[in-house]
Amino acid sequence: MKKVIRIVVMVSGGGSNLEAILEAQETGRLPGAEVVLVISSNADAYALERAQNHGIETAVIERKAFAGDEAFQAAILEQLFKARADVVCLAGYLKKVGPGIIRRFRGRILNIHPALLPKYGGAGMYGHYVHEAVLAAGEKESGCSIHIVDEDFDHGPILAQVKVPVLPTDSPDTLAARILEQEHALYPKALREFCEKLTVSGVQS
Ligand code: GRF
């Protein structure tokens, strides 16, 4: 029997990408894979409610509950092990994933970023800051990227991208909304393709 790929989604906020992934799972667009846990870095994240509405287990791991970064990262790693995670999806997760987790899940942590990486990524480039920078630079197009997470912010190999036009009338909000709509299609699709490749190459946990 083929092993089901166990996905853990990590969130900090609204969780609309999480919702898109869960909808894909429920409508058969993520065959052979299952979201088994949602980890939030923020107890007030609406993403937690979304997960619970879909009957998905949740865990809150907030940085402020730990004396140091090492203990914080160790608590996350422990949850990933407990969930027997094969793949980790960052979906609006605002904390840096520590090197220990990256080492243990090398090549199996995905992230979505609301710009055409390698442009407009890196520390401080999140939320409206990304779209403000794109508009300030007078770009004619932007978009979203799915990439493998490595030790640097928004840096690992790019798996998939979608472009959208930047309109002369855009504000950071209108541009963000146009990109977010594309994110919701791109993340489930890229995740499906990633899981299919993982199945061929063999899932290791
Ligand atoms: C998205 O724009 C994603 O690209 C970025 O954070 C936002 C998260 O939105 N990393 P949501 O929490 O999935 O609604």
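Let's start at Tyr126, which sits in the loop between β5 (109–113) and α5 (128–136); helices (H or I, at least four residues) and strands (E, at least two) are DSSP runs, numbered from the N terminus. This is a predicted model, in which local features need pLDDT of at least 70 and side-chain atom pairs count only at pLDDT 80 or more, while totals for chains, interfaces and linings use all residues. Residues are numbered from 1 along each chain as its sequence is written, and side-chain values use heavy atoms, with hydrogens and water left out.

Tyr126 counts as partly exposed because its relative accessibility is 43%; buried means under 20% relative accessible area, exposed over 50%, and partly exposed in between (1.4 Å probe, protein chains only). Together with Leu94 and Tyr129, Tyr126 makes a nonpolar surface patch of about 320 Å². Such patches are made of residues with over 30% relative accessible area and no salt bridge, with nonpolar side chains (Val, Leu, Ile, Met, Phe, Trp, Tyr) joined within 5 Å and like charges within 9 Å. A salt bridge here is a side-chain nitrogen of Lys or Arg within 4 Å of a carboxyl oxygen of Asp or Glu. The areas come from the Shrake-Rupley method with a 1.4 Å probe.

Now turn to the sheet. It is open and mixed, with 7 strands in the order β3-β2-β1-β4-β5-β6-β7; two strands pair if DSSP finds at least two bridges between them. At the edges lie β3 (58–60) and β7 (158–165), each pairing on one side only. On average, neighbouring strands are turned by 20 degrees against each other, direction ignored; axes are lines fitted to C-alpha atoms, for helices over the stretch in contact, and angles run from 0 to 180 degrees between N-to-C directions.

Strands β1 (residues 5–11) and β2 (residues 33–40) are parallel, paired over 7 bridges, and Val9 stands opposite Val38 in β2. Across β1, β2 and β3 lies helix α2 (residues 46–53), running at about 160 degrees to β3.

Further along, β6 (residues 141–148) has 7 of its 8 residues buried. Strand β6 pairs in the antiparallel sense with β5 over 4 bridges, where His113 stands opposite Ser145. With β7, the antiparallel pairing of β6 spans 7 bridges, and Ile146 has Ala160 as its bridge partner.

Finally, look at Ala20 in helix α1 (residues 16–26). Ala20 counts as buried because its relative accessibility is 8%. Leaving aside residues up to four places away in sequence, Ala20 touches His184 and Pro188, where contact means heavy atoms within 4.5 Å.
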